[in-house]
Amino acid sequence: MTEAVIGAVNRNRAMVAVALLVCVWLTVMQPDPEVPATAHAAAPTTPAKRPQAGATSPSPKPKTGLVPVVAPPRRNIDCTVVKCIALTFDDGPMPGTAKLLNTLAAHKARATFFVVGVNVAAYPDLVRRAVAEGHEIGNHSWSHADLGRSSKGKVRSEIGRTQDAVRRAIGRPPDLFRPPYGSTDGQVAAIARQNGLPQIIWSVDTFDWRDRNSRVVERRAVREAHRGAIILMHDIHRTSVSAVPHILEALARKGYVFVTVSELYSGQTLSPGTKYRHRCPPPPPPPPAVPAAPTVTPSVAPSPGTPSVTPPGAAGTPSAPAGVLAAPSAAPPSAPPSSPPVEQPPADAEECEG
């Protein structure tokens, strides 16, 4: 009987041990109810938990924070003396912007980037890099909307959201604004003015958005470049980025210095809301004054035997009888009245304001 009891106890112990092993195995193999079963096969990477239905997902933390980017100081370039030109790039940043930054750094050239807010949110590190390397950032709206045909609320949102996006990326908002397509009106100008933003248009359009050919874009940019010009390009197009090295080399051979828009207008105050297309060349210096030659009146001695003639009214000469008017002395003929100066129309008030 004792052996039967001992056998039963041993069998119970064995069953308990097997049961414990089964429980442990089930516990280890059971997936986390909040994590997809496939996640266990992808260890050690742990995916984010799916939010429960109706729950509000937390806002993602900004990738770069609010630490301001330290930019190099603005260069002391006098564009009234130096042959300045401003390259500007719209619609980025995009991955291709990194290649463009490499090219600009290799040529020691600075440029201005008019960024779209949604792309700033996606690629804040590229915006930070551009600022750290001395380039300038401008506001180009949030979604590249046609602001000249938008409601007041839409315009405010497009400009304001991009100001905030750039502030989050580099620690401060842009100081310049370019309306997409150059489409602006009084309403857009007023909202830009409220944000302290002058409107920067352009004087040279490379049409790189239309002609996706690097050689065509290069030739057009070089041919139409002029002193004080603002050149429009787009860093979202691979062909445009590929054209930049040749543009920099060709214009450098012509003596151009590549500056940001703010450097281009150094020494001038840009008025918020006003449109600027290029910096007007300085007026030519006035011609040097030529001193007038002194007038010399030669004295003529009377010839011998010539009676002296005393002017009327001189001493010893009888005056005209009373009541007789003396003949008026002959006055020199008056010069014909000068014609009024012809008022020349301004070249373009929008181009030359400021």
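Me: Are cysteine 79 and cysteine 84 buried or exposed?
Reply: This is a predicted model, in which local features need pLDDT of at least 70, side-chain atom pairs count only at pLDDT 80 or more, and totals for chains, interfaces and linings use all residues. Residues are numbered from 1 along each chain as its sequence is written, and side-chain values use heavy atoms, with hydrogens and water left out. Buried means under 20% relative accessible area, exposed over 50% and partly exposed in between, with a 1.4 Å probe and protein chains only. By that scale, cysteine 79 and cysteine 84 are both buried.

Me: How far apart are the sulfur atoms of cysteine 79 and cysteine 84?
Reply: A disulfide is counted when two cysteine sulfur atoms lie within 2.5 Å, and by this rule there is one disulfide. The link of cysteine 79 and cysteine 84 is left-handed, with -90° about the S-S bond. The sulfur atoms of this pair are separated by 2.2 Å.

Me: How many helices and strands does the protein chain have?
Reply: Helices (H or I, at least four residues) and strands (E, at least two) are DSSP runs, numbered from the N terminus. Of the 354 residues of the protein chain, 35% count as buried. The secondary structure comes to ten helices and eight strands.

Me: Which residues does phenylalanine 89 touch?
Reply: Contact means heavy atoms within 4.5 Å. Residues up to four places away in sequence are not counted for phenylalanine 89. Its partners are then Leu100, Ala111, Thr112, Phe113, Phe114, Met233, His234, Asp235 and Val244.

Me: Where is serine 141, and is this residue buried or exposed?
Reply: Serine 141 is placed in the loop between S3 and H5. Not counting residues up to four places away in sequence, serine 141 touches Val115, Val116, Gly117, Leu147, Glu158, Thr162 and Pro180. Because its relative accessibility is 0%, serine 141 counts as buried.

Me: What is the phi of lysine 108?
Reply: Lysine 108 is found in the loop between H2 and strand S2 (112-115). This residue is exposed, with a relative accessible area of 72%. Although lysine 108 is not a glycine, its phi is positive, at about 55°.

Me: What is the phi of histidine 144?
Reply: Histidine 144 lies in the loop between strand S3 (136-139) and helix H5 (152-170). Histidine 144 is not a glycine, yet has a positive phi of about 60°.

Me: Which form does the peptide bond from glycine 92 to proline 93 take, cis or trans?
Reply: Proline 93 belongs to the loop between strand S1 (84-90) and helix H2 (97-106). Omega for the bond from glycine 92 to proline 93 is near 0°, and the form is cis.
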